[in-house]
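Thanks for coming. I will walk through one structure this morning, starting with a single residue and moving on to sheets and charged pairs. Please have the model open as I go.

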Amino acid sequence: LIGLPSPTQYRAVLWQNGKVRDLGTLGDGPDSFALFVNERGQADGMSYTSSVPDPVTGIPPIHAFFWERGRMIDVPSLGGAMVGVSGLNNKGRVIGNSSLVGEVASHPFSWQAGVLADIGTLGGDSGSATWLNDAGQVVGSADLPGSQTHHAYLWQNGVINDLGTVGTDPCSRADSINSQGQIVGESAKVCGTNDRNNLAAFLQENGEPMIDLNSFVPIGSGIHLGDGVFINDQGEIAVEGSLNGADRIFLLVPDGDCDDACESKIAESQRHISPVHDEVRMRPGSDSPANRVHEFRERLMHRYHIQRHVGAQSD
């Protein structure tokens with residue numbers, strides 16, 4: 001947990017109208033940390049629940065909390081001693097990750113109005129929740145059977161859905177979802193890698209196939225888009241990537257329909273796509289997953305014109 005161990009106490013606080021309010025702790029816990037606040041003034045975070053170390057973790061149990069109108073409410077664990085939060089929407093829904101009994105595995109969870117739901121996994125041991133929208137849709141990553149690979153998922157209406165990966169990549173993770181249900185994240189050629197050359201930022205929406213955002217980048221630009229970190233309700237996407245090998249942050253901005261110059265650039269870049277995509281274009285009537293990827297990419301090409309709107313951080 002951030003800031004621990006520490007010789008001094010931490011307290012979750014809410015700053016409003018120039019005043020700082022101590023939100024307290026859970027039970028007899030000595031420390032608490034606030035992480036999110038929504039438009040209704042509700043907050044969530046984490047707190048120790050006691051000062052007695054857990055025999056397995058060696059530190060006191062940590063639960064999530066939900067704070068509203070002066071009251072800190074305990075968001076319980078899924079059986080383990082460690083709980084972390086990763087989001088709070090404007091409807092008061094808390095998401096996070098909880099260890100299970102034995103502290104070996106952890107599952108993502110959703111909590112609202114006293115109801116705790118185990119989001120579960122895609123057949124493996126562990127998973128994590130990374131973001132949610134006001135509709136209560138949750139995204140993250142979850143292990144597949146065998147727990148050697150993990151895929152991005154969308155959880156809604158109590159059901160977890162595997163979003164797959166880009167191409168034949170073994171692993172992926174969803175990082176953000178907006179109010180339109182558009183999802184961004186990263187797909188990985190090597191599971192667990194931090195090397196952006198082995199990562200590809202993706203966009204997924206409306207049940208369509210996952211699209212590699214690098215498909216929009218002109219050949220020879222030196223730009224590589226590694227991780228779609230966040231997407232807002234306007235469809236603007238913040239991406240971590242590289243420019244000629246140097247780390248950069250990019251912003252992808254929807255631009256509506258292409259003009260003639262934009263169409264020409266897209267057509268030129270499409271001449272260099274992989275042979276499997278060439279094969280897909282030759283079978284326009286096919287309803288295969290590969291053909292759906294191509295059709296979805298073509299529609300997105302009209303929306304994101306990276307060659308004109310990607311901004312790179314200057315040295």
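I begin with N214, which is buried because its relative accessibility is 17%. Buried means under 20% relative accessible area, exposed means over 50%, and partly exposed is in between, with a 1.4 Å probe and protein chains only. This is a predicted model, in which local features need pLDDT of at least 70 and side-chain atom pairs count only at pLDDT 80 or more, while totals for chains, interfaces and linings use all residues. Residues are numbered from 1 along each chain as its sequence is written, and side-chain values use heavy atoms, with hydrogens and water left out.

Where is N214 found? N214 sits in the loop between β18 (211-212) and β19. Strands here are DSSP runs of E, at least two residues long, numbered from the N terminus. Apart from its neighbours within four places in sequence, N214 has contacts with A200, A201, I223, H224 and L225; contact means heavy atoms within 4.5 Å.

Now the sheets. Strands of a sheet pair through backbone hydrogen bonds, either parallel or antiparallel. Two strands count as paired if DSSP finds at least two bridges between them.

A188 is opposite L199 in β17.

The other open sheet I want to show has three strands, in the order β19-β20-β21, again with antiparallel pairing. Its edge strands are β19 (223-231) and β21, and each pairs on one side only. From one strand to the next, the twist averages 25°. For that angle, axes are lines fitted to C-alpha atoms, for helices over the stretch in contact, and angles run from 0 to 180 degrees between N-to-C directions.

Look next at β20 (residues 237-243) and β21 (residues 246-252), which are antiparallel and joined by seven bridges. They form a hairpin with two residues between them, and N244 in the turn has a positive phi of about 55°. Which residues of β21 stand opposite I237 and S242? I237 faces L252, and S242 is opposite D247.

Side chains of opposite charge can pair when their charged atoms come close. The rule used here for a salt bridge is a side-chain nitrogen of Lys or Arg within 4 Å of a carboxyl oxygen of Asp or Glu. By this rule there are six salt bridges.

D247 forms a salt bridge with R196, and their closest N and O atoms are 2.8 Å apart. Because D247 lies in strand β21 and R196 in the loop between β16 and β17, the pair ties together parts that are 51 residues apart in sequence. D247 is exposed, since its relative accessible area is 53%.

E240 is partly exposed, because its relative accessible area is 27%.

A further salt bridge joins the side chains of R11 and D22, at 3.1 Å from N to O. R11 lies in the segment before β1 and D22 in strand β2 (residues 19-24), so this pair connects parts 11 residues apart in sequence. R11 is partly exposed at 38% relative accessible area, and D22 is partly exposed at 43% relative accessibility.

Last, M72, in strand β6 (residues 71-75). Is M72 buried or exposed? M72 is buried, because its relative accessibility is 16%. Leaving out neighbours within four places in sequence, its contacts are L23, G24, T25, L26, F65, F66 and W67. M72 and G45 lie 27 residues apart in sequence, with their C-alpha atoms 10.0 Å apart in space.

How values were computed: Helices (H or I, at least four residues) and strands (E, at least two) are DSSP runs, numbered from the N terminus.
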